[in-house]
Amino acid sequence: MTRDTLSIALHNSGKNDKNEKNGLDNPALVMGSKKLINPSEMYSAPPYSEKGMPNDVLQSVYVVPANGTKSGKEEEYDPYLNRNVKHPTTYWETLIHMWKASLGTGILAMPNAFHNAGFAVGTIGTLVIGFLCAYCIHILISTQYELCRRRKTPSMTYPDTAAAAFQDGPMWTRKFAPYAPGICNAFLLAYQIGSCCIYVVFVASNIKSVMDDYIEPLDVRVYMVMLLLPLILINWVRNLKYLAPFSSLANILTVISFAITAFYVFQDLPALSTRAAVGSFKGLPLFFGTVLFAMEAIGVVMPLENEMDNPKRFGSAFGVLNCAMLPITILYTIVGFFGYLKYGENAAGSITLNLPGNELLAQSVKLMLALSIFVTHGLACYVAFDITWNQYWGPKVETKKLFWEYFCRTALVLVTFGFAVAIPNLELFISLIGALCLSTMGLSLPAIINMLTFWDQYRGVGFLLFISKNLCIILISVLGFVVGVSTSLVKIIEKFFH
C-alpha cells in the first residue's frame with residue numbers, strides 16, 4: 001500500500017458512521033477535511049494568557065500561565081483520555097500503517113536523487129532530512145496535544161491546528177487564523193494533484209519501456225492518451241470499497257516488484273570509486289525535493305495518532321514515530337546508495353526504467369508497478385475530489401448534483417493528465433512537488449505552529465533557543481522551497497519548452 005493509498009483509507013474510514021465523533025472513524029480527523037471545531041468559537045476565543053482575562057473566563061477555561069504551571073483550581077484536561085475511537089489501533093497496527101504510508105513510489109526515485117547529490121552527500125543528506133522530518137512530526141503532534149488541551153477538545157485536524165496556533169500566537173498573527181485552514185487545504189490539494197500527475201507519468205513511462213521492445217517506439221505522451229479513458233473511469237468509482245480488492249492486489253504486486261528490483265540492483269555492483277562522492281551544487285535542490293517527496297508522510301500522521309488506543313506511545317522514545325522513521329530512513333539511504341552505485345549517472349526517475357528491457361522478469365516488474373500505480377491514481381485523486389467537491393463546490397450546487405459530481409471527477413483527471421502531458425519527466429516532477437508542497441506542510445508549518453503556540457512559555461535564554469530552533473527549520477524549508485521550486489521549473493523549461 002502506498003502512502004496515498006493509506007491516506008485515502010484513513011480519510012474514508014468510518015464515513016458511514018455519522019454518530020462517531022472522534023478518531024479516524026470520523027473523516028474530519030484527516031488533514032483537509034471538515035472541521036471538528038466551531039470556527040466562530042476558534043477565532044473569537046480569547047488568547048490563552050492570564051493578562052486581561054476576566055475572572056468568569058478564568059473559571060470556565062483552563063489557562064496556561066506564562067510559567068507553564070496549572071492554576072490548581074481545575075484538573076487538567078487530557079485529550080487522550082477523552083477520545084472516543086470506534087476501532088482503535090494497537091501500537092503494532094499503527095507502526096505498520098506508518099511504514100506503509102512512508103514507503104511509496106518515491107523510493108524508486110532515490111538512486112536518481114543520489115545521482116544529483118553524490119553518494120557521500122546523498123547518504124548524509126538523506127539521514128539529515130529523515131531526522132528533520134521525524135522531528136517536525138514530533139513537534140506537530142505535541143503542539144496539537146497542547147492546543148487540544150487548551151480548547152478541551154479530543155483532537156484536531158491539521159488545518160484546525162494551524163488556525164488555533166495562529167489564534168494563540170502574538171496579537172498580530174490572530175487575524176490570519178481564519179485563512180490558515182484554506183492555506184493548508186490549498187497545499188494538500190496541490191500535493192495530491194501533483195502526485196496524480198507523477199502517477200500518470202510513471203504508468204505511461206513503464207508501459208512505454210516494455211512496449212518499445214515489441215513495437216516501434218512511441219512518444220510517452222501517446223501512452224498517456226491511451227490511459228486517459230481508463231483513468232477517467234476508475235475515478236468515476238464513487239465508493240472506494242469497490243477499489244479495495246484491487247488495492248490489496250496492488251500491494252502484493254508492489255512487494256514482489258521491489259524484491260525483483262533488489263535482485264537486479266545487487267548483481268555485479270561496480271567499484272565505489274567509479275561514482276562521485278559529491279554531486280554538482282545545482283543538483284542539490286533536486287535531491288532535496290526528491291527525498292522530501294519520497295520520505296514525507298505528514299498527511300497521515302495526525303490521523304494515525306488520533307486513532308491509537310494509546311496515543312502516548314506514538315511520540316515516545318520507542319514509540320511508533322521513531323520506530324517507523326528510523327528503518328525507513330535507513331532503507332531509503334540503502335536504496336539510493338546502491339541504486340546509484342549500480343546505475344550511476346544513468347539512474348532514471350524510477351529505478352524500474354533502468355532494469356533490462358529485453359528480460360521478461362524485468363518487464364514484469366514494470367507492468368506490475370504500472371498496474372499498482374494506476375489503481376493508486378484513483379485513490380489519490382479521491383482526496384483532491386473530496387477537497388474540491390465536498391468542501392467547496394458541492395455544497396453550492398443545488399440541481400443535477402450527480403452530473404456535476406462526475407464533471408468534477410473528470411475535470412480533475414483532465415487536469416492531472418494535462419500537466420503530465422506537458423511535463424512527462426518523473427525526476428523533475430517529483431522534485432517540484434516535494435519542494436513546493438512538502439517543504440511547506442512537512443517542515444515550515446509544523447515549526448510555525450509550534451512557535452506560535454508556545455511563544456509566551458519561555459523566557460530569557462530558553463526563549464532565544466526556542467525561537468532560534470524553529471526559525472532555523474523555517475529557513476531550511478524556505479530555502480528548499482525557493483531554490484528547489486525555481487531549479488525544478490528552470491530544468492522543466494529547459495527540457496520541454498526550449
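Reader: Is Thr89 buried or exposed?
Author: This is a predicted model, where local features need pLDDT of at least 70 and side-chain atom pairs count only at pLDDT 80 or more, while totals for chains, interfaces and linings use all residues. Residues are numbered from 1 along each chain as its sequence is written, and side-chain values use heavy atoms, leaving out hydrogens and water. On relative accessible area, buried means under 20%, exposed over 50%, and partly exposed in between (1.4 Å probe, protein chains only). Thr89 comes in at 11%, so it counts as buried.

Reader: OK, and which residue's side chain has a polar contact with that of Thr89?
Author: A polar contact here is a pair of N or O atoms within 3.5 Å; within protein, one must be able to donate a hydrogen and the other to accept it, and residues adjacent in sequence count only if both atoms are side-chain atoms. Thr89 sits in the loop between helix H3 (55–60) and helix H4 (91–102). At 2.8 Å, its side-chain partner is Thr94.

Reader: Beyond its neighbours within four places in sequence, which residues is Thr89 in contact with?
Author: Contact takes heavy atoms within 4.5 Å. With those sequence neighbours left aside, the list for Thr89 is Thr94, Glu307, Met308 and Asp309.

Reader: Over to H14: how far apart are its end C-alpha atoms?
Author: Helices are DSSP runs (H or I, at least four residues), strands are too (E, at least two), and both are numbered from the N terminus. The expected span of a helix is 1.5 Å times one less than its number of residues. H14 (residues 360–393) has 34 residues, so it should span 50 Å, and that agrees with its end-to-end C-alpha separation of 47 Å.

Reader: At which residue does H14 bend?
Author: The bend is the angle between axes fitted to the seven residues ending at a residue and the seven starting there. For H14 that angle is about 30°, at Phe385.

Reader: How many residues of H14 are buried?
Author: The helix is mostly covered. Of its 34 residues, the buried ones number 24.

Reader: How far is Cys197 from the nearest cysteine sulfur?
Author: A disulfide needs two cysteine sulfur atoms within 2.5 Å, and the structure holds zero of them. Cys197 is thus left without one, as the nearest cysteine sulfur belongs to Cys196, at 7.0 Å.

Reader: What about Ala186: how far is its C-alpha from that of Thr388?
Author: Ala186 lies in helix H8 (residues 180–211) and counts as partly exposed because its relative accessible area is 45%. Along the chain, Ala186 and Thr388 are 202 residues apart. Their C-alpha atoms are separated by 9.8 Å.

Reader: What is the phi of Lys152?
Author: Most residues other than glycine have a negative phi. Lys152 lies in the loop between helix H6 (119–151) and helix H7 (158–168), and is partly exposed because its relative accessibility is 32%. Its phi is positive, near 55°.

Reader: And the phi of Asp268, what is that?
Author: Asp268 is in the loop between helix H10 (244–265) and helix H11 (284–295). At 73% relative accessibility, Asp268 counts as exposed. Phi is positive here, near 50°.

Reader: What share of the protein's residues count as buried?
Author: The secondary structure comes to 17 helices and zero strands. Of the 498 residues, the buried share is 55%.
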